[in-house]
Amino acid sequence: DITGTELLHIDPETSERRFRFAQGPVFANVVLADEINRTPPKTQSALLEAMMERQVTIGGMRHPLPDPFFVLATQNPIEQEGTYPLPEAQLDRFMFLVDVGYPSAEEEFQIVKQTTTGTQAALEKVLSPPEILALQELVRRVPVPDHVVRYAMELVRATRPKETGAYDFVRKNGAWGAGPRASQYLVIGAKARAILAGRYAAS
């Protein structure tokens, strides 16, 4: 259970029995859900709820997740046997979809060379959690002109087949379009990109 569970705890001195919450692996700053389409729907739902609510509810008690909280998930697109594909309404809780293809010949050479020896990577601390939270707050303070917000919004609205002014190929091939979350993510992504490029506003 990724969220955790309540365990019956017996006090060795008083023999008193009470339930104690044992945190699951979702209580971390960075969570990597490998091949999320192989986990059953109950586990997927628990993870996606944690992503949106930033909390876990067990036995009627709310347990807040640590800040910052960041989820990376992989999907195996090659085979569908034994998989539980995420519904579109749940997929859009992820900000970006990165399509990872095969590595180049040089990249594959480095992968094979580095992973078939006994060498250990030397990890160095780059940022602390408070610094990450400060950077996240800085990103949100980047100004965005109204025409950029409208551009992001119109781009998202153009994916909805029942929207006025939708393109013919969207009406023909689409059942549903992206929700307001997509507009939010486009603007936040533009703000982050502006900072990375040394600009003072999203364009």
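This is a predicted model: local features need pLDDT of at least 70, side-chain atom pairs count only at pLDDT 80 or more; totals for chains, interfaces and linings use all residues.
Residues are numbered from 1 along each chain as its sequence is written, and side-chain values use heavy atoms, with hydrogens and water left out.

**View 1. The second largest pocket is lined by residues that include D1, K42 and I58.** A pocket here is an open set of points on a 1 Å grid over the protein atoms alone, where a 1.4 Å probe fits, with protein on both sides within 12 Å along at least five of seven lines; lining residues have an atom within 4 Å of a point. Helix α1 (41-53) gives the most to this lining, with 5 residues, and β4 (55-58) supplies at least two. By type, the lining divides into 5 nonpolar, 4 polar and 3 charged residues.

**View 2. F21 and F27 form an edge-to-face aromatic pair.** Ring centres of a pair lie within 6.5 Å, with planes over 60 degrees apart for edge-to-face and under 30 for stacked. Here you will find 5.8 Å centre to centre and 70° between the planes. Both F21 and F27 are buried (under 20% relative accessible area, 1.4 Å probe, protein chains only).

**View 3. Y167 and F169 form a stacked aromatic pair.** Their centres are 5.9 Å apart, with 20° between the planes. Y167 and F169 are both exposed (over 50% relative accessible area).

**View 4. The charged end of K162 sits over the ring of W176.** It lies 5.6 Å from the ring centre; the cut-offs are NZ of Lys within 6 Å of the centre and within 35 degrees of the ring normal.

Conventions:
Rings of Phe, Tyr and Trp (its six-membered ring) pair if their centres lie within 6.5 Å; planes under 30 degrees apart count as stacked, over 60 as edge-to-face and the rest as tilted. Helices (H or I, at least four residues) and strands (E, at least two) are DSSP runs, numbered from the N terminus. Ala, Val, Leu, Ile, Met, Phe, Trp, Tyr, Cys and Pro count as nonpolar, Asp, Glu, Lys and Arg as charged, and the others, Gly among them, as polar.
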